[in-house]
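Hi,

Here is the structure I promised to pass on to you. Have a look at it first, and then read my notes below.

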Amino acid sequence: MAASEVFDMIIVGAGISGIGMAAKLAKGCPKKTYVMLDRREQLGGTWDLFRYPGIRSDSDMHTFAYDFAPWRKANAFATAEEIRDYLGQVVADNGIAANMRFGQHVESAAWDSDTGLWTVRARQADGSDKEWAARFLFMGTGYYDYDQPHEADIPGLSAFKGKVIHPQFWPQDYDYTGKQVVIIGSGATAVTIVPSMADKAAHVTMLQRTPTWYGVRPWQDKWANRLKRFLPERLAWKINREKAQYLHEYLFHKCRSAPEGVANFLQGVLKKELGPAWNAPDYTPPYKPWEQRMCLVPGGDMFKAIREGDASVVTARIKQVVADGIELEDGRKLDADVIVTATGLRLSTLGKIAVSVDGAAVTVAEHFWYRDSMLSNVPNLFVLFGYLNSGWTLRVDIVTDWVVKLLRHMDKWGVDTATPALPADHGLEETQPFDLFSSGYLQRGKHMIPKSATTAPWRIHMFYREDKKELETAEINDGLMKFAKVKAKEAA
């Protein structure tokens with residue numbers, strides 16, 4: 001079934017990235033038409049998918065909210081529900097809802113050079129297909145595999161007689177009151193679930209193979225809230241965003257330049273938080289701070305649960321799961337009614353959508369990034385991949401601003417296509433941005449992402465301030481981007 005309408009842009013994904021693009025397009029190119037497609041039945045993306053207890057942001061909202069839509073609540077960290085409400089307000093304020101189409105499971109996207117159009121095929125709830133067409137395609141699909149998490153090899157798990165839950169598929173209204181809970185894993189998900197289940201469960205044990213570095217921050221930023229009271233909203237918002245980002249950047253660089261000093265500081269904080277419950281082997285990772293994503297504990301809630309005896313941390317390897325618990329290699333046994341396998345996520349690029357250009361399949365890992373947002377030699381396609389060491393939305397803001405600038409220049413010049421052209425003999429030196437981090441999910445998935453060079457513009461970067469300056473100052477017509485008119489239009 002051919003598409004009945006041609007849009008200026010198709011946005012895939014109704015989460016942080018897609019909504020950000022739609023809002024910037026509505027503001028910067030108000031005459032452009034667009035449609036937003038999402039496989040789910042409501043907005044939110046990742047924040048609608050994950051429903052495990054206590055799910056919250058692990059970036060403060062001064063960098064996780066958009067630059068054009070201030071975070072107005074007093075808390076610096078937000079629950080998933082609060083984030084969805086915030087996104088809903090952005091949608092309402094920018095007239096986005098009329099352009100959103102849910103229940104659209106996009107399976108393929110094909111570019112045709114003769115027409116200068118992307119044709120997207122989406123599976124409907126009844127199993128039928130629908131086609132959508134547009135000049136530009138924006139992929140705001142995130143980087144998680146929505147269908148399949150990482151399944152660690154846990155010996156004997158099938159022998160367990162209790163409840164096994166993966167956080168990505170948390171059963172709605174599951175009652176764990178009075179149950180012995182063991183959470184396998186020590187990442188951000190586990191750190192969030194532990195204090196959230198501890199209030200009702202008989203006891204919650206976080207079973208980790210490797211300790212994690214933790215940062216403790218209060219739920220509210222008192223200085224940010226003072227600025228909100230005494231300054232105009234936009235000025236306070238700008239200052240608070242700059243402050244928060246500067247602190248993120250300072251901590252990250254300090255972790256790289258003086259890791260031992262940062263480690264001592266972080267452990268000093270934990271000793272105060274845990275008191276007599278402090279046990280060095282459980283809180284001394286074998287890697288340096290920020291070699292893996294640091295887990296944020298707002299208000300120290302997990303440590304409060306441990307200090308009060310409602311939760312505990314056990315560092316050991318699993319020998320096997322048995323009917324009523326988990327036997328460890330050191331001879332201990334953890335009794336369990338519920339096992340939560342917070343063992344990690346699986347990466348996915350372009351939402352597992354089959355992308356092709358003039359009939360040839362696009363293998364993402366064979367292409368280089370361009371300006372943090374496009375793929376070499378692929379026309380009119382934008383791909384959003386946020387920051388790993390700071391708020392995801394910071395990249396959304398600067399990339400969508402750059403996309404709008406590109407579109408406005410193309411209109412001015414009367415051209416239809418923009419292709420970051422990279423010759424086969426480019427001679428670029430490759431680097432692997434994920435090597436900045438040793439996190440398992442990143443190392444497992446790094447073969448799936450586009451290539452990155454050591455220099456701009458053919459790279460994906462993890463340093464916001466440098467990226468922001470580059471995208472704000474780089475010439476659109478930089479000699480690398482090739483612009484053209486569609487031949488079919490010229491013939492007509």
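Let's begin with Arg 135, which lies in strand β6. (Contact means heavy atoms within 4.5 Å.)

Before you go further, a word on where this comes from. It's a predicted model, where local features need pLDDT of at least 70 and side-chain atom pairs count only at pLDDT 80 or more, while totals for chains, interfaces and linings use all residues. Residues are numbered from 1 along each chain as its sequence is written, and side-chain values use heavy atoms, with hydrogens and water left out.

Now the whole chain. It has 13 helices and 25 strands. Its radius of gyration is 24 Å, close to the 23 Å that the globule rule gives for 492 residues, so the chain is as compact as a globular protein of that length. (The radius is taken over C-alpha atoms, and the rule is 2.2 Å times the number of residues to the power 0.38.) Along the principal axes, the C-alpha atoms fill a box of roughly 75 × 55 × 45 Å. Of the 492 residues, 54% count as buried. Among contacts with a separation of 6 or more, 72% are between residues 24 or more positions apart.

What sits inside? The largest nonpolar core has 128 residues, and Met 9, Tyr 66, Tyr 214 and Trp 402 touch the most other members. (A nonpolar core is a set of buried Ala, Val, Leu, Ile, Met, Phe, Trp, Tyr and Cys residues joined through side-chain atoms within 4.5 Å.) Helix α10 (residues 392-413) gives this core its largest share, 11 residues. Leaving aside neighbours within four places in sequence, Met 9 is in contact with Met 21, Phe 136, Phe 382 and Leu 407, among others. There's also a second, separate core of 14 residues, which includes Ile 154, Val 182, Ile 184 and Val 314.

Next, Leu 157, in the loop between β6 (129-139) and β7 (163-165). Leu 157 counts as partly exposed, at 23% relative accessibility. Beyond its neighbours within four places in sequence, Leu 157 is in contact with Val 164, Val 321, Ile 339 and Thr 341.

- Trp 290 has a positive phi of about 70° although it is not a glycine. Trp 290 is in the loop between α8 (259-274) and β11 (295-298), and counts as buried at 8% relative accessibility.
- Lys 352 also isn't a glycine, yet has a positive phi of about 60°. Lys 352 is in the loop between β16 (338-341) and β17 (354-357), and at 46% relative accessibility counts as partly exposed.
- The peptide bond from Ala 456 to Pro 457 is cis, with omega near 0°. You'll find Pro 457 in the loop between β24 (452-453) and α12 (464-473).

Cheers

Terms used
Helices (H or I, at least four residues) and strands (E, at least two) are DSSP runs, numbered from the N terminus. Buried means under 20% relative accessible area, exposed over 50%, partly exposed in between (1.4 Å probe, protein chains only).
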